[in-house]
Structures are given as C-alpha cells and as structure tokens.
Amino acid sequence: MGNLLSYSGITTKIRAMRKNLLSKDEYEQLSNMSSVSDGFSFLKQHPAYSQIFAHLDEKETHRSQIEALLTYSLYHDFSKLYRFANVKQRKFMDLFFTHYEISVLKICLRSAYSGSNVTIELPLFEDFFKKHSEVDIIKLGNCSSLNEFIECLRDTKYYKPLMMIHESNSTTLFDYEMGLDLYYFSYMWKQKDKVLKGKELDIITHNFGHKLDLLNLQWIYRSKNNYHLTPAEIYALIIPVNYKLKPKTISALVEANTTEELQAVLKDSYYGKQYMESTDEQSIESIYMHLLETIYLSSSKKNPYSISSINCYLFLKEYEVIRLTTIIEGLRYGLSAKEIAKYSAKI
C-alpha cells in the first residue's frame, strides 16, 4: 500500500506521457518524409513536440536546432516528472541526472579541445542546469582550451577524474571522453546503493547492471572487429562493473583470437543463452537498445508502482530522441525510407 500511495501520482503522469511517445507507424511516416523541413512539420504537429517547436518556422529551422530541441524535450520531460516526484523519488532522479550532465559536458569538452564553437544551443538548457546541476554550462561552453575546461570544473565532482587523465599525459579527446564515461558508470553503480534500498535497489541494480554488461559486450566486439585493439588496450576501456557478464567470460571475449572464437564464447554466455538467437555482427550491434527496452519494459510491468516506472519512461524517451535524431539525419542526406529504417533498426 505504501508504494501504491507514494507512486500513484507520478505513475499516472507517466502513463499519460507514454501515450505521447511515437508509435511504429509514426516512425514509418516520418521516415517517408521528403525533407528535414517536412519531418519537422510532422513533429511540430505531434503532442509531445508541438509546444517545444511551436515558435519555430520549419522552413527556417536548421538541423542542429531541431536536434537541440529534441534533446531539450528529454530534459523537459525529466522536469515534468521531477515536479510530480516526492523527496525519495527526487533523490534517484538527481542521481539519474548525472547521465544528462555528462552528455552536455562531453559536447563542451569537444568544443574546448578543438577550439571550435559548441554544436548545441546551450542557453536552451541553462535554466534546467541551474536547478539540477552545479556546473555552469554557459561558462563551460565558452572555454577555448582543455586546461580552461578542466579548471572550470574545479569545484565539481568531475575535476578529480579529469585531472587524473590530464596528469597521465593522455593527449586524445577519446581519453577524456572515455574517462568521463567510466567515471559516470562507476559513480552510478556505487551511489545507487546509497540512494535506494530493498526492492527498488534490486530493480535499478537489475536494469543498470544489464546496461553496463551490454555496453562492455558491444565495446569488446567493436574494439576487436572495427578498431583491432590489443587485449591490453581493450581491458583499459572496460567498465569495471560485472553483473551477469562475469570476469571469466569478459577475459575469454577479450582474449579471443578470431571472430568465430569470440562468437562461440558469447553464445555460451548468459546473454547468448538468454537473449540472442544469433551472435553475428548485426545481432550484436543492434541488441543493446532493443534488449534494454525489453528489460526496462518488463521491469516496469512487474513493478508499476516503483522507481522502475520512472526509470523505464526516461529510457524510452531517450530511445525516442536517439531514433528521431537518426531519422532526421537520414532525411538530411536524402536517404530512402528503407535506408533510414535500416540505420534506425541498428539503434
């Protein structure tokens, strides 16, 4: 009864918001548009985006603006749910927000590293960050060097991990981005035990644990087949968290000498036995988001009046934004609906 009462308000809100997520037919309609402008017009009429896009002219709106507004819609939905959340739920959402924070930090990092302009309209997110973050994103977006970027984060939790990379004489943008990612995953894995308890901790451990396993699995496969990294290089990039993908299995995957050997190890793993009909490249590349969707939806269905309902909706919304961004990009390059569907299916 306690969970039912504490989650009844926000669960009702989530049910209403889920009705506004795009359907399979709507994705197909959007993919069949003839231009970015037509795609924008389509989204402008959709309940989830009509308010955000209302003041813009589809004929004068650039792709980067559309992508920024799509991202903003994710933050906008987070804010709507935050207003309905109680103190306990907000603690989890504050922790979850680190995911959004890291995404914007990486955009600003790329700008500072290259000395170019930020590729997203940061003022859109300024009010949101003032409410939820200790980071001044406008100041961060104006940094013109890596040293300035790191110094700007001195009073935040990101300063120490970035300085450790900086002092190790790492010189590539990849090193810094990967450092932020690894910090985020480790931080979330540890902090969830402090923020959540009992059944809710079990739910998030289950969902986030699968996510980290699948990211490691995807990265190992890409590292070996696309980038041809050595085992030592791959080990340095693996998220230091194990859930169902045990250290012995990870070692066997990393040390595999051929694609066939890697696929055989994967087939015999927890994920190969439980979820994968095939272990070929296409299956591995496409399994991440689709399998997470299955896990999150199943968890939410089993535990509707719990933290799972919030976690599931935020995942589904982010998944939608990623797919919409991919489709808009396909329209920009003049791809056919069939080609766009092929790329979006890999997400």
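A: Helices are DSSP runs of H or I with at least four residues, and strands are runs of E with at least two, numbered from the N terminus. The model is predicted, with local features requiring pLDDT of at least 70 and side-chain atom pairs pLDDT 80 or more, while totals for chains, interfaces and linings use all residues. Residues are numbered from 1 along each chain as its sequence is written, and side-chain values use heavy atoms, without hydrogens and water.

The part examined is the second largest pocket, which holds about 410 Å³ of space. A pocket is an open set of points on a 1 Å grid over the protein atoms alone, where a 1.4 Å probe fits, with protein on both sides within 12 Å along at least five of seven lines; lining residues have an atom within 4 Å of a point. Its volume is that of probe spheres set on the points, which are joined across faces, edges and corners. Lining this pocket are 17 residues, and Ile 165, Met 178, Gly 179, Leu 182 and Tyr 183 are the closest to its centre. Two or more lining residues come from each of helix H10 (159-167) and helix H11 (173-195). H11 gives the largest share, 10 residues. The lining comprises 11 nonpolar, 4 polar and 2 charged residues; Ala, Val, Leu, Ile, Met, Phe, Trp, Tyr, Cys and Pro count as nonpolar, Asp, Glu, Lys and Arg as charged, and the others, Gly among them, as polar.

The structure holds 30 aromatic pairs, meaning Phe, Tyr or Trp (six-membered ring) rings with centres within 6.5 Å, stacked under 30 degrees between planes, edge-to-face over 60 and tilted for the rest. The partners are 25 residues apart and link distant parts of the chain: Tyr 158 lies in the loop between helix H9 (146-152) and H10, and Tyr 183 in helix H11.

Tyr 158 is buried at 0% relative accessible area; buried means under 20%, exposed over 50%, and partly exposed in between, with a 1.4 Å probe and protein chains only. Beyond its neighbours within four places in sequence, Tyr 158 has contacts (heavy atoms within 4.5 Å) with Thr 98, Glu 101, Ile 102, Leu 105, Val 135, Leu 153, Leu 180 and Tyr 183. Tyr 158 also joins Leu 43, Phe 78, Phe 149 and Ile 310 as the members that touch the most others in the largest nonpolar core, a set of 116 residues.

Leu 43 belongs to helix H3 (residues 36-44), where Val 36, Gly 39, Phe 40, Phe 42 and Lys 44 are buried as well. The buried residues of H3 pack against helix H2 (24-31), helix H4 (50-53), helix H5 (63-84) and helix H18 (307-332). Phe 78 is part of one aromatic cluster, whose members include Tyr 72, Tyr 82 and Phe 129.

Helix H12 (198-225) contains Leu 215, buried at 18%. Among the contacts of Leu 215 outside its sequence neighbourhood is Phe 185. The loop between helix H12 and helix H13 (231-235) holds His 228, which is exposed at 62%. His 228 has a positive phi of about 55 degrees although it is not a glycine.

Key:
Core = buried A, V, L, I, M, F, W, Y, C linked by side-chain atoms within 4.5 Å.
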